[in-house]
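I opened my notebook to jot down what I could look up here, one entry at a time.

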Amino acid sequence: MSEPHATGSALLRPKDLDPDHGRHLLREMIRIRRFEERCVELYSGALIRGFLHLYIGEEAIATGVMATLRDDDAVVSTYREHGHAIAKGLGMGPIMAEMFGKVDGVSRGRGGSMHLFDAATRFYGGNGIVAGGIPLAVGVALADRMQGRDRITVCFFGEGAVDEGAFHESINLASLWDLPVLFACENNGYSMGMALERAEAQTDLALKASGYAVPSWHVDGMDVLAVEEGTRRAVTAIRGGGGPVFIEYETYRFRAHSMYDPDLYRDPAEVELWKQRDPIPQLTETLSDLGYLDADGLATIEAEVATEIDEAVAFAEASPLEPVEDLERFVTSEVTP
Amino acid sequence: MTAPTIEQATVTLTLREAYKQGLRDALMRDDRVFLMGEDIGAYGGCFAVTMGLLDEFGPERIRDAPLSEVAIVGAAIGAAMNGMRPIAEIMTCNFSLLALDQVVNNAATLLHMSGGQFNVPVVIRTTAGAGKQVAAQHSHSFEPFFAHVPGIRVLSVATHEDARGVLWQALQDPDPVVLFEYPRIMTIEAELPVEPAAVDLDTAAIRRPGSDVTLVTYGATQYVVLEAAAALAEDGVDAEVIDLRSLRPLDDATLLTSVAKTHRAVVVEEAWRTLGIGAEVAARITEEAFYDLDAPIGRIGCAEVPLPYPKHLEEAALPQVTAIIEAVARVMHRG
């Protein structure tokens, strides 16, 4: 059974926390959470279809990681990607339009929930193949290195991707060639219904990664301040030319794998235990204790986020569908770059 | 009185050298081009195509990679999406199956799925074909696997002029190109103009014009087909031999023009016949030029077996001159 850390580590570093930055982190996590909660409603209303993999419970990771990046750093994501996309700065309206399959979606509505892409923010897409984005991330980083740019590439993947050969081939290559990649492993304990200890003989994934001569460490993925601190250390090292880093973020998804999943394989008590470590109330409490946020402040954030989501839904509803005549556009490029 | 001919300087090259010249040319013309693959550097390439390139261009651009087909192809895709022009080499197409996920789910898919945002200008070189007695995991012809997939260009490069010129053209394509080369014929020599001619990626090449029957083929098999055509000529049958070159997209126009002239066609390939390129070619001719045909289209492919090691069985599995002549006799109603 997956168990959260017992320590309330959010209280470890609050005195260094800038109030504005703390509120920013909270707002980002709330944006992701409320966006997905609205997606669930819209799914029930059949406005969103297909697969919908929720990030609820894991918001601290996307939020904390993005806080350490520059705008020109790249992100390669997975099918559980809404949080990564929102935190990377993709517009919520175009993301929602994508969920609706509308032409104003980030991918013209062609990808849906699992395939958000945005060249402008260097968001290289959600990938529906477990570990399918990892070799790609290595190549993105290789190209930056060969072109003399100090950008880094963050590659998100779940612990299930560590089962795949693509992960092992890729991290070895990145290490061998000292490439600027952060391997960001979001270990939520279950690859769909398969518990980590049923899939991996060695469940310490950071230990596994260290076998590729890659500096690797664990970070509490339920604590956004811990995520930011642990990631910043990695990003600094990588940008400094130190080669790749692997971080195992220990986290948990509060919802099922996807909307199709009846969640029969987890003990409800385990889910409840992890919910005690929900990153949003944790940070809210920290900010409140520090006097950085009161009830009105929180209500304001919630209201502003609700408005943003309403506007995103309205944007999605107003967007037309892609014309059927465009079906075969972009199978190949329309212009030679 | 005959017009004076301008003596054009020529050079004699093996096919292997022609492939290498294509690579050198690309590396010299574009700094973004680099090679990545197994044993392409210090070893000189499994088929010696990249011999000497490491010394000439250095390890940053001639990248020996571990035995990691997924990472090689996947990283080439990522690098292509971020401003480089990578050429990934996979020793044989049997090994390419390990990387098929990256080719199909990423390279071929990302442009369309991203709504036109991310094109993938990667070139993947691999080899196909039997004839070296290396048995069932090094001898197959998987061009049809790749040609099935929308979003990638698939080229079959088996002549010297193409080998020298096609790579540069492939690198100008903003989208993924899978390029098949043929080890069995790499020692064949040809005399070529010193200056390479531009190669058109979109068209099939007529390797032998003829009027009685169209023989459609690609890859190393075209040398067998040309041999059969020479034998047929002695028997009074004038065969036109078409090398498809581009397996995706197919050059329908050249096929249909030829069939409109000959009214008969036989497709010959080294891949398995079932669901092969020949099946597609036959279907297209039937759809578009049924009333031009005087006989059903003939198809010859590899026997439907994993290619065996012993020479006599390998030969029995592959398209041979006799079988081609017999197939032509059938469509000429002479059989």
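**Overall dimensions of chain B.** I started with the radius of gyration of chain B, which comes to 20 Å in this predicted model. A compact globule of 335 residues would have a value near 20 Å, so chain B agrees with that expectation. I then looked up the box along the principal axes: the C-alpha atoms of chain B fill roughly 60 × 55 × 45 Å.

**Inside chain B.** How much of chain B counts as buried? I found 54% of its 335 residues in that class. Next I turned to contacts within chain B with a separation of 6 or more, and 79% of these are between residues 24 or more positions apart. For secondary structure, I noted 13 helices and 14 strands in chain B.

**Where chain B meets chain A.** Which numbers describe the contact between the two chains? On the chain B side I noted 34 residues, and they are in contact with 36 residues of chain A. Three helices of chain B, α3 (69–80), α5 (100–107) and α6 (110–113), each supply at least two residues to the side that touches chain A. I looked up which element gives the most to this side, and α3(B) is the one, with 8 residues. I also sorted the chain B side by residue class: 16 residues are nonpolar, 15 are polar and 3 are charged.

**A cis peptide bond.** I went through the backbone of chain B and stopped at B:R248 and B:P249, which are joined by a cis peptide bond with omega of about 0 degrees. I placed B:P249 in the loop between β12 (246–248) and α10 (252–262) of chain B.

**Two positive phi values.** My next stop was A:R122, which is not a glycine and yet has a positive phi of about 55 degrees. I traced A:R122 to the loop between α4 (92–99) and α5 (134–146) of chain A. Is A:R122 buried or exposed? I counted 21 other C-beta atoms within 10 Å, and the cut-off for buried is 20 or more, so A:R122 is buried.

B:L275 is found in the loop between β13 (265–272) and α11 (277–289) of chain B.

Technical notes
Residues are numbered from 1 along each chain as its sequence is written. Chains are lettered from A and ligands numbered from 1 in the order in which they are written. This is a predicted model: local features need pLDDT of at least 70, side-chain atom pairs count only at pLDDT 80 or more; totals for chains, interfaces and linings use all residues. Helices (H or I, at least four residues) and strands (E, at least two) are DSSP runs, numbered from the N terminus. A residue is buried if 20 or more other C-beta atoms lie within 10 Å of its own, exposed if 12 or fewer, and partly exposed in between; C-beta atoms are placed from the backbone. The radius of gyration is taken over C-alpha atoms; the globule rule is 2.2 Å times the number of residues to the power 0.38. Two residues are in contact if their C-beta atoms, placed from the backbone, lie within 7 Å. Ala, Val, Leu, Ile, Met, Phe, Trp, Tyr, Cys and Pro count as nonpolar, Asp, Glu, Lys and Arg as charged, and the others, Gly among them, as polar.
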